[in-house]
Amino acid sequence: MERRISTATVADAADSTIPTSAWGYRPAAFGFDEAFESDASPRPAFSELFAALSSLGEDEFSRRWTQAQRVIRDNGITYNVYGDPRGTDRPWQLDPLPLILGAREWAVLERGLEQRGRLLDAVLTDLYGPGRLLSGGVFPPELVLENPGFLRPLHDVPVVRGARLHLYAADVARGADGQFWVLGDRTQAPSGAGYALENRIVVSRMLPEVFRDCRVERLAPFFRTLRDGLAELSPRNVDTPRIVLLTPGPYNETYFEHAYLARYLGFTLVEGGDLTVRDRAVHLKTLGGLQRVDVILRRLDDTYADPLSLRSDSSLGIAGLVHAVRAGNVTVANALGSGLLEAPALLGFLPAACRALLGEELFLPSVPTYWCGEPEACKRVLARLPELVIKPAIPAVNSHEPVFGGELSRAELAELEQRIRARPGLYVAQERLGLSTAPAWNGERLTPRHLSLRAFLCRRGQGGFEVMPGGLTRVASSKDSLVVSMQRGGNSKDSWVLSSGEPLELSLLRAPGQKVDIVRSGGDLPSRVADNLFWIGRYIERAETTTRLLRSLLTRRVDDAEGRAPEVGALLVALEDALELVRGTLTRTGDGLDAELARILVSAHPSRTPSASVAAAYRAAGVVRERLSVDTWRVLGELHRLVEHARSQSDLALADALEVAASLLLGFSAFSGLATENMTHGPGWRFADIGRRIERGCFMVRLLKSTLVSGDDAAVLDAVLETADSAITYRSRYPGIVAHEAVLDLLLTDETNPRSVVYQLSALEEHVNRLPRAGRTPLLAPESKTVLRALSVVRLAELERWARADPQGRRANLDEALAELEAALPLLADQLTLSYLAHAEESFTLGGTEARS
């Protein structure tokens, strides 16, 4: 007989009509409620919470919860539910009331989890080594050898410290009788620890008094153990091993967590394309060259990790990784092949494995599981089919969704029975567990919801595991649903474990007084990150300059309804050039022009509109969000929501379009201020600013070429100055005078004007000369030559000659100089890309090659 963890007596059915003090909450009529006894009195762990809620009041609680939801939105806490129209922008779902466990019952659960972690690590070590569990008949060979999760290239491969399992999660739930059961093990790349931490931050700030008074165990010690434990896995004896967190990329459902954990733990977030294998060692591709990687914390499934040795169609992994692992030059956590133990069919064999490997009885049982590949078990399953849950024995082989037998018709049961009889080894049956419930806030009142707890463990020292005090509680999407899944629209909760004494206050920062090497270099920045920062700078500047041009046009439309003013025509030509449209494409007169300008402001097409550029910058920022401050991400999020909201309006009036343009420009200014003042001026900032300077220079050159090469109208010059945000400076220098030569000086050759072309080129020259590989040879690099030639054009400018028009009113010398600058800036961008940003994966740009021009 298995030993079972029981923390409560069997609960009598609660009288669903008994009101409680928690705002009229009524526990479910049957089963175990985490917050209330069978007589509807609060359990001790919840009593302080409910007392605080009563004094807080529903109105104040709702107000705080609204603020907390705003924090979730502003901080960009997301979870991608596949098929959801919001895609990667879907906000993380959090319930404001935590699940609370007392110190005594948690200690019992913790003991069972720690033993289970040791057991599963021992199982992996045996299956990829001596194989006693197979030879001794403890595990059926077909559940291991025919499992795609069993990676033969990793058999007999030694691992650092003999450990294969470094971060492990168990999905735990209580049955109707109050007993804890394990529903499943997550041994491959368990997700949720970062979300548990973010839940803690949001809820503790929403209810700070309650959190403090309840003496809740802190989470920081767990993450410190995880970080220090990974550092100890380095195969090299170095003081500061390089640890990277390998992510599948921004479209993964938990990408936010990957970026969040990388930033919190101080690891470099990488994709497969950022790494390469040379001489059987893994290296990170950076601006300064290749840098050796010691430990990879992966969030990538086993078989996708190496297209050379494992899955050949994978574009997410690192070719040659298995060879590097076999050579002992890199540690992968968890070890490749650990996903083998996630097969539900193995749950029923763990008690025997525990006795064989640890000499102990399994303390924390799995939900009763029967593999249909055993004839006697299959016979019992078929006899009780309506009472059980049928699942794939090995999900990688049989992809059928779990089926609740009690919810099937007779015909469906007969069809299921036929499938099981035909291939019994593909199926397991599990007892249907009546999950416990807890109060959940539905926006108006508290209602019971079924839940399960994902508990997390990390390796500690030689062979032991540390359990996170709490974990990620997941809640069913409706009152009657027993399916607890975030992908099925479920919710989450913070999980509080009450301390028996004062909670341990601990920071991830190391104790002061330790010797450190002062570092200021930034050459370790991955080239993919620099590439995306470069394009964020370009997209934001492109959006800003085009918005300024549109605002100038919209403002002049107020006084020129017919669109006959020469400055309107000149600015329309400039807009067509900025959007790379054929000249004459845009409407020139009438009410249709207003609608067309408003549409361009908020439309996603063509690709260079402000809205499209903001969307592209937002997506690129999502790829490198671990490199951006919370404030920077909030500004980008507000800009993104602003254009999305404006786009949803069918007809944008002239006044509304002007208001949208003003709001956008305010957001662009906030972003520029944060980038300039809050971002360390290292290579990442340099590439972001290089992108901005190239884009601003291109816009200014095109604007001048579109408006000043031909014509001699003062109103056009005034419109150009306003579009270039230089009108105030010009009027203070030349009151009452508008002259081409003076305008060209201010916008082309004045090095004190941050909007001038020469200002952009001067900044680009400094950036190029201070990049990581600059100056390695005495000869000028191609990008240095390009920017030097362009600077020579404007610094040696003959403004009087450039401003002089021929009899046809055309300024040929100005046109020639602007054409040279117009060619130089895109060439500089291409040269920098070739020198620093070229890598295997295409950067996160809008529309591919077209958008990068």
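This is a predicted model: local features need pLDDT of at least 70, side-chain atom pairs count only at pLDDT 80 or more; totals for chains, interfaces and linings use all residues.
Figure 1. The C-alpha trace spans about 105 × 65 × 65 Å along its principal axes. The radius of gyration of the protein is 32 Å, which agrees with the value near 29 Å that a compact globule of 853 residues would have. The secondary structure comprises 27 helices and 19 strands. Among contacts between residues at least 6 apart in sequence, 72% join residues at least 24 apart.

**Figure 2. The open sheet of four strands.** The strands of this sheet follow the order β5-β4-β9-β10, and their pairing is parallel. Strands β5 (268–270) and β10 (331–333) stand at the edges; each has a single partner strand, so one side of each is left without a neighbour in the sheet. From one strand to the next, the twist averages 30°.

**Figure 3. The pairing of β9 with β10.** Strand β9, formed by residues 295–298, pairs with β10 in the parallel sense. Three bridges connect β9 and β10. V295 has T331 in β10 as its bridge partner. Strand β10 is also one of the edge strands of the sheet.

**Figure 4. The crossing of helices α6 and α9.** Helix α6 covers residues 193–206, and helix α9 covers residues 255–265. The axes of α6 and α9 come within 8 Å and cross at roughly 75°. This angle makes α6 roughly perpendicular to α9, because angles from 65 to 115 degrees are placed in that class.

**Figure 5. The residues in contact between α6 and α9.** On the side of α6, the contact is made by A193, G194, Y195, L197, E198 and I201. These residues meet F256, E257, Y260, L261 and Y264 in α9.

Figure 6. E387 lies in the loop between helix α12 (375–383) and strand β12 (388–392). Is E387 buried, partly exposed or exposed? The relative accessible area of E387 is 47%, and E387 is therefore partly exposed, as this class lies between the limits of 20% and 50%. In sequence, E387 and G406 are 19 residues apart. In space, the C-alpha atoms of E387 and G406 are 5.8 Å apart.

Key: Residues are numbered from 1 along each chain as its sequence is written. Side-chain values use heavy atoms; hydrogens and water are left out. Two strands pair if DSSP finds at least two bridges between them. Helices (H or I, at least four residues) and strands (E, at least two) are DSSP runs, numbered from the N terminus. Axes are lines fitted to C-alpha atoms, for helices over the stretch in contact, and angles run from 0 to 180 degrees between N-to-C directions. Buried means under 20% relative accessible area, exposed over 50%, partly exposed in between (1.4 Å probe, protein chains only). Angles under 35 degrees count as roughly parallel, over 145 as roughly antiparallel, 65 to 115 as roughly perpendicular and the rest as oblique. Contact means heavy atoms within 4.5 Å. The radius of gyration is taken over C-alpha atoms; the globule rule is 2.2 Å times the number of residues to the power 0.38.
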